[in-house]
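Here are some notes for a colleague who is opening this structure without having seen it before. They are set out as numbered points, to be read with the view alongside.

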Amino acid sequence: MNQFLRSLTPSQQVGALFLAVFGILVLASVAVFLLTLRERRTAHDESWQTGLSDFRHLLGRSWVMVIVFWIAWTSGEVMATVLFALIAFLALREFITLSPTRRGDHRSLVLAFFIVLPLQFWLVATRHFDLFTVFIPVYVFLAIPVASALSGDPHRFLERNAKLQWGIMVCVFGMSHVPALLLLEFPGRNYEGKQAFLVFFLVTVVQTCMLVQHLVSQRRRRPPSLPGISNSFHWDNWSWGVIAGSTLGALLSFITPFKPLQALVTAFVACVAGSLGHLVMKALKRDRGVTSWGPRDKSVTGANGLLDRMDALCFAAPIFFHSVRWYFGA
Amino acid sequence: MKRAWSPWAARALGWFLLQLVRVLTGAQARWYGCPPRAEQRIYFANHQSHADLVMIWAALPHELRSITRPVAARDYWTKSPLRQWITTAVFNAVYVDRERKGEGDPLQPLEQALASGDSIILFPEGTRGDGEEPQAFKSGLYSLALKFPHVVLVPAWIDNIQRVMPKGEVVPVPILCSVTFGAPIQLEPGEERRAFLDRARAAVIALRDR
């Protein structure tokens, strides 16, 4: 089996990976479908019902995410970058919607959406790695307050600018590091053309960490560690999530250019960054008095709370990218 | 020659505008008080931006869009040939004079549209508001309700649109907006003009926090 996989070309290997993931999703969907048939005959308690409906939602989301990644991979690096730019756009739109802005912020917002965002992803696609890591933290960090100051409105100036800069940092800077993984090169490790595995590795590890944390917190009702910020966060549940994510990372080391121990450490770093980043976004939401970034009701646009699902990835991607690049000289 | 391509251009522009509004604002419609139904209606909403007209037009389902005509201020929307063409060919708007000029009744075009069976979208404040609360409603809504008692009056609250394109700006920014449609109201027998208008305004404001 292993010999056979090694004999395939890189793109065949990635294809096999998607085949495996689609297979797992099909099996899970069939299983859930059979369960819903059975449910009509036997009476179950309510918690079982809600558990099943939760799982179906999760499955639906996983389908969407996997299909999106599959499209990104089949259509090449440029299309993948465009796709992640689109996700960043929708996430930033949700973030700005819930951050109160004033008329004076209009020019800054135009700058953020129509100049900073496309430019950042263009820098990624054209491999300007040295510029793309400093473009937002240095240049945009100074340009946004200048645009706001030129509008001549001093009311809550620092607060407004901080919010906008946070939104750009998380939604644009963080998200742009996911397609950047596709362009990393590992000299001497025979990893050319397999970078899609690295994106898969990061997404799987971080999402597993979040999922395990969520499931454990549902199973064991503990009093929350930080009730002011989250109703579900508890350090024990968090540890389980990070342990699960890191272990999976070590197990998946064969699809990465890392040795198992290195994979464990990089996965650990990504999980800690992602899960704590999610906590930070929860704090921001609490500050605004909402429970999710999406529109208040079920949306017809499909952009319902996208940021809730992507925020962990937005925090994990830059940390993962830079630690890998620093350690492996990629 | 111009006539020949004009309907196609209008259709293409309409499609483009619809997609643009969806990308920028999500164009989310929330039907809380009534379902979207093809009966004759007057939608009345708060007015904060010129984009209100486009927003509520985009939020309506496709089937209702073709039988619903927004009311547009004549002085603003006929200022240039392009604006006039967009409001006529794409939105099928009804023009209304904001200032009473001479002898003519400013409601005449609206009455004509209602008499021919169309639904209309009305902004009873008459002009764009600046603050949080809508201004007092003008009496047009009352006169129309009196004259067309069978037409259903649906209040609507357009949220966030003033942030997309504040007064005096040209480039819109992407911010999620929504249009909330509330329960229809009726003109009670013998109800005073001012009382009815205040009640209609309260019905619109009540949708803000839904």
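This is a predicted model: local features need pLDDT of at least 70, side-chain atom pairs count only at pLDDT 80 or more; totals for chains, interfaces and linings use all residues.

1. The place to begin is the contact between the two chains, which takes 16 residues from chain A and 15 residues from chain B. On the side of chain A that touches chain B, the elements that give two or more residues are helix 4 and helix 5 (106–125) of chain A.

2. Taken by itself, chain A has 12 helices and zero strands, and the pattern read along its sequence is accordingly α-α-α-α-α-α-α-α-α-α-α-α. The radius of gyration of chain A is 21 Å, close to the 20 Å that the globule rule gives for 330 residues, so chain A is as compact as a globular protein of that length. Its C-alpha trace spans about 65 × 55 × 35 Å along the principal axes, and buried residues make up 36% of the 330 residues in the chain. Among contacts in chain A between residues at least 6 apart in sequence, 73% join residues at least 24 apart.

3. Turning to chain B, helix 9 (residues 193–206) has 14 residues and reaches 20 Å from its first C-alpha to its last, close to the 20 Å expected at 1.5 Å a residue. The buried residues of helix 9 of chain B are B:Phe196, B:Leu197, B:Ala200, B:Arg201, B:Ala203 and B:Val204. These residues cover an arc of only 155° around the axis, which puts them on the same side of helix 9 of chain B. An α-helix has 3.6 residues a turn, so residues three or four places apart point the same way. The buried residues of helix 9 of chain B pack against strand 2 (41–45), helix 7 (140–147) and strand 6 (152–159) of chain B, whereas on the other side of the helix B:Arg194, B:Ala195 and B:Ala202 are exposed.

4. Two loop residues of chain B deserve a look at their backbone angles. Most residues other than glycine have a negative phi. Phi of B:Ala27, however, is near 45°, a positive value in a residue other than glycine; B:Ala27 is found in the loop between helix 1 (2–25) and strand 1 (28–31) of chain B, and it counts as buried because it has 24 C-beta neighbours inside 10 Å. Phi of B:Asn160 is likewise positive, near 80°, and B:Asn160 has its place in the loop between strand 6 and helix 8 (161–164) of chain B. With 16 C-beta neighbours inside 10 Å, B:Asn160 counts as partly exposed.

Notes
Residues are numbered from 1 along each chain as its sequence is written. Chains are lettered from A and ligands numbered from 1 in the order in which they are written. Helices (H or I, at least four residues) and strands (E, at least two) are DSSP runs, numbered from the N terminus. The expected span of a helix is 1.5 Å times one less than its number of residues. A residue is buried if 20 or more other C-beta atoms lie within 10 Å of its own, exposed if 12 or fewer, and partly exposed in between; C-beta atoms are placed from the backbone. The arc is that of the directions from the helix axis to the C-beta atoms. Two residues are in contact if their C-beta atoms, placed from the backbone, lie within 7 Å. The radius of gyration is taken over C-alpha atoms; the globule rule is 2.2 Å times the number of residues to the power 0.38.
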